[in-house]
Amino acid sequence: MSDPLDRPFSPADIEHECYQQWLDLDVFPPHGHGDPYCIMLPPPNVTGTLHMGHAFQDTLMDILVRTMRMRGRRVLWQPGTDHAGIATQMLVERQIAQENTDRHSLGRAAFLDRIWQWQKQSGGQITQQMRRLGASCDWSRERFTLDSGLSHAVTEVFVRLYEQNLIYRGKRLVNWDPVLRTAVSDLEVLSEEESGHLWHIRYPLSDGSGGIVVATTRPETLLGDVAIAVHPGDSRYQSLIGTTVRLPIINQDIPVIADEYVDPEFGSGCVKITPAHDFNDYQIGQRHHLPMVNIFSPDAHILAEAECHAGTLSRSIPEALHGMERYVARKAVLAMLKDQGLLVRTEEHRLMVPRGDRSQTVIEPYLTDQWYVRTGPLAEPAMAAVREGRIRFVPENWSKTYFDWMERIEDWCISRQLWWGHQIPAWYGPDGKIFVARHEDEAQVQASRHYGMPVSLQRDPDVLDTWFSSALWPFTTLGWPEKTPELAEFYPTSVLVTGFDIIFFWVARMIMMGLRFMGEVPFREVYVHGLVRDSEGQKMSKSKGNVLDPLDLVDGIEAEALVQKRTSGLMQPKMADKIARDTRKEFPDGIPSFGTDALRFGFAALATQGRDITFDLKRIEGYRNFCNKLWNAARFALMQAAPGAESDGEHLLLPPERWITGRLQACKASVSRAIEQYRFADAAQALYQFFWNDYCDWYIELAKPVLRSENGFSEAEQRGTRHTLLAILEEGLRLLHPIMPFITEILWQRIAPVLGRSGPSIALAPYPGMNGGVADNVADADIEWLMAVVKALRSVRGEMDIPAGRTLAVLLQAGTASDRERSERLENWLFALGRVEKLGWLEHAVEPPPAAMQLVGEMRIFVPLAGLINVEAERARLGKEEQRLRADLGKIRTKLAQESFRTRAPAEVVAKEEAQLLETEQALAQIADQQRRLLSL
RNA sequence: AGGCGCGUAGCUCAGGGGGAGAGCGCUACCUUGACACGGUAGAGGUCGGCGGUUCGAAACCGCCCGUGCCUACCA
């Protein structure tokens, strides 16, 4: 024992140093001349911190990348972050609000300075955290969406799309966030059912002959009504179509129109039409050429004078309402209606309320000028790429989700009324004429040409949606628009690893942009993984207080520190008590340190094909134990080794050596197949089983008797065993490395040199191939037989409560010639593993002494009672066994009795059943004999 | 409303036309010279329900029930 490894395995001691070693050795940048393999890291928010979803996804990517690197591919895992326009700007705005100032008083340049400053100081935390996970990104190539290179590319794309008439500016109804005062895309709006009211309001007919009642959930928008719509076939309102009604409060006449959109069954069958404040109404307004009346300021307060678009209407709003916030205005409008006797009825109503995913405020449909990408011409080739198999979704079913969206895709609103982001490269002339250009100079040239003289231009103040730059990520990070070698080599990338929640946001858009600007798909496969949820199946979120920081699982955390972490910085501080309570209940002792490898293995094991992943801490604990098991197995193997001598001299391989070699072969095949199919859980399970069940439970135990001097094995045999112990482990470690990089590296550094194999890092060692180690059926059958006998003996021990320390005298009877031969040839192992002290054969006719009996095939194994055996226990056991066999027998007989089974089922199935029948009958006969014997006692 | 999932051991989940699996938990025994973050032996399931296809269904098909997510929404 020259150099015992400490125990238990303590991951904290090795991980940092190990990662630093990989950096020093330059393991991560592309190496060699193999086929390129490239994964783009979905860029996380630069200001964010690592959450479970990231850690999970990063682990899967790292497993792929490390596997391919070891297989000799030229691997690039391209990292970087995005600037997260809205989130980041909000954050810094909140900061400066505490200094009693705001971005408008600071001015654009100063405000942007503040953000950059903050970004430099606390940005990039997430990429530091990724290093803790062992992520093998090529950090030397890290990019940020606002880098000058990427910004340049974004401008280039914008200009080209504009020149190709794929970007336009238009006044449309958009999702408007009145708190952030910016447009947001459909995808940034989350609608949930909330309780509200349905107000029934009477609109008097203009001729004074009565009125009609409309139902609305938003009475304040009445100020912007321009029509009432009814269904064209609705008999109740036929006579009113084409007449006008008096709009309450405003006192203007508006027409009654007919439109198929109206559902006569709902409410009164009449709908008020407010094209400037409702998406459906907007559509109707377009169809009927109605004017659009906007009543809100950008922060959703009532205007003094309504703005009329697409028409000549002029409309004043009563002074009492001016400047009122939208919900205050709602109350005021209702009060006015009530005063005038026009509020007919109020009822409770559940309705879907759209909220901004960042601000949580109710989103307002709002009429503004915005920039749009014309998606039709981009979507068609993007769909074709998937339809034709140039891009493959894994699991395949997700392509359906992709098509669902692509077929109904709408133009993409890409402008945001923010300062943090890529400012739109558009300048306006004095008359509003648009000049889109790469630089202001270029715009000036265009303008001078247009106006015939130099004019002063004003740049569009808005910036682009962050997803616009993210959509370009697969080629801009590789240097586009320059024709760089990286671009030529790594585009199209190999696979995109992502969650299904951003198929629309990101995946579809990358495909559209990649095809447009590279003429080729951005990735060949899209592996869509599930979303990590807490142990209750709930989505993890800060506001629910159920988030786990992946690094807390790695390092461990005290209960109170965890409570503190979960309850600080909450949006709704009143939740703090409940969160603290729940947290203390779930983690009374905090979380122990599991180490990165255990966490990673857990992620791999959880990565099944389903869409939800309920995260279970107990599983991670189990994989920490697995690390410890592996660690100790390695200690054992190393303790046996004569340092440096294991590669010399003749090796003789005994059945256990040949068997474990076959097991490793099988494991390699399973793991390789699993990784290629992105079935990470299968890979993890195959490895777990191999190391724990095959290597530790059986092989190490089989090796022990060989290495004991008293058993008479030759030196060549002992050398073969010592060598195999290490060699199997060494190869297994390489197979495991992509999932558990740290522990495998440390152990490999110790083991490889003993085998005369060396290299700077296991990360650069070759991935185990399917070479050599041909299946040895004889050895497999030997060991399977041995296992069956050992298990039978252990079973007797367990049932009879025979102490483990007590050795057994065992008698065998019946059985085949090979049973007899094996019992002699494998005697050493049988004695050691079964704790047998004496083994004898009984002739067929000989009546065995009182004993417990087990069957292995036709062979009977007797453990003579001799004060050891509890007769009652043996009777009970036999009774149970008999019952089980009889049930089996019944089933088999029924099956074989069916003529249709014999004629229609495949012959081998029938033969199998027949063999089963025979075996079961024999076993029952044996048990009956044994029962008879016990009765006589 | 439409789409997509899921329902298998107490829990978390694999599997998938021919004898029900894993991990955790549970029970009993064991500090056996790698490992108690361990070992050995056990207990535990009408595979959501009902039909159909089939010689044979937990698996394939249909319907139903329960449950989750996504998309679109009725003012």
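Reader: Leaving aside neighbours within four places in sequence, which residues is Gln 252 in contact with?
Author: This is a predicted model, so the answer is computed from predicted atoms. Gln 252 belongs to strand 11, residues 252-258. Setting aside neighbours within four places in sequence, Gln 252 is in contact with Val 245, Arg 246, Leu 247, Leu 313, Ser 314 and Arg 315.

Reader: Is Gln 252 buried or exposed?
Author: A residue counts as buried when its relative accessible area is under 20%. Gln 252 has a relative accessible area of 19%, so Gln 252 is buried.

Reader: How many Å lie between the backbone oxygen of Ser 314 and a polar atom of the side chain of Gln 252?
Author: Ser 314 is one of the residues in contact with Gln 252. For a polar contact, the N or O atoms must be within 3.5 Å. From the backbone oxygen of Ser 314 to a polar side-chain atom of Gln 252, the distance is 2.7 Å.

Reader: Why does Glu 188 count as buried?
Author: Glu 188 sits in the loop between strand 6 (182-184) and strand 7 (189-204). Not counting residues up to four places away in sequence, Glu 188 touches several residues, including Ile 86, Asp 357 and Phe 505. The cut-off for buried is under 20% relative accessible area. Glu 188 counts as buried because its relative accessibility is 9%.

Reader: Which side chain does a polar contact of 3.0 Å join to that of Glu 188?
Author: Among the residues that Glu 188 touches are Arg 355 and Arg 416. The polar contact of 3.0 Å joins the side chain of Glu 188 to that of Arg 416.

Reader: Which residues of helix 6 are buried, and what do they pack against?
Author: In helix 6 (residues 125-132), the buried residues are Ile 126, Thr 127, Gln 129, Met 130 and Arg 131. Just after helix 6 comes Gly 134, with a positive phi of about 90 degrees. The buried residues of helix 6 pack against helix 1 (12-24), helix 2 (52-70), strand 2 (74-78), strand 3 (80-81) and helix 17 (550-555).

Reader: Where does the largest share of the surface near RNA strand B come from?
Author: RNA strand B is surrounded by 58 residues, with Asn 280 and Arg 904 among the closest. By class, this surface has 21 nonpolar, 16 polar and 21 charged residues. Its largest share, 10 residues, comes from helix 21 (residues 617-640).

How values were computed:
Residues numbered from 1 in each chain as written. Chains lettered and ligands numbered in written order. Predicted model: local features only at pLDDT ≥ 70, side-chain atom pairs only at ≥ 80, totals over all residues. Heavy atoms only, no water. Near = heavy atom within 4 Å. Helix = DSSP H or I, 4+ residues; strand = E, 2+ residues; numbered from the N terminus. Nonpolar A, V, L, I, M, F, W, Y, C, P; charged D, E, K, R; others polar. Buried < 20%, exposed > 50% of the residue type's maximum accessible area, 1.4 Å probe, protein only. Contact = heavy atoms within 4.5 Å. Polar contact = N/O pair within 3.5 Å; in protein donor to acceptor, adjacent residues only side chain to side chain.
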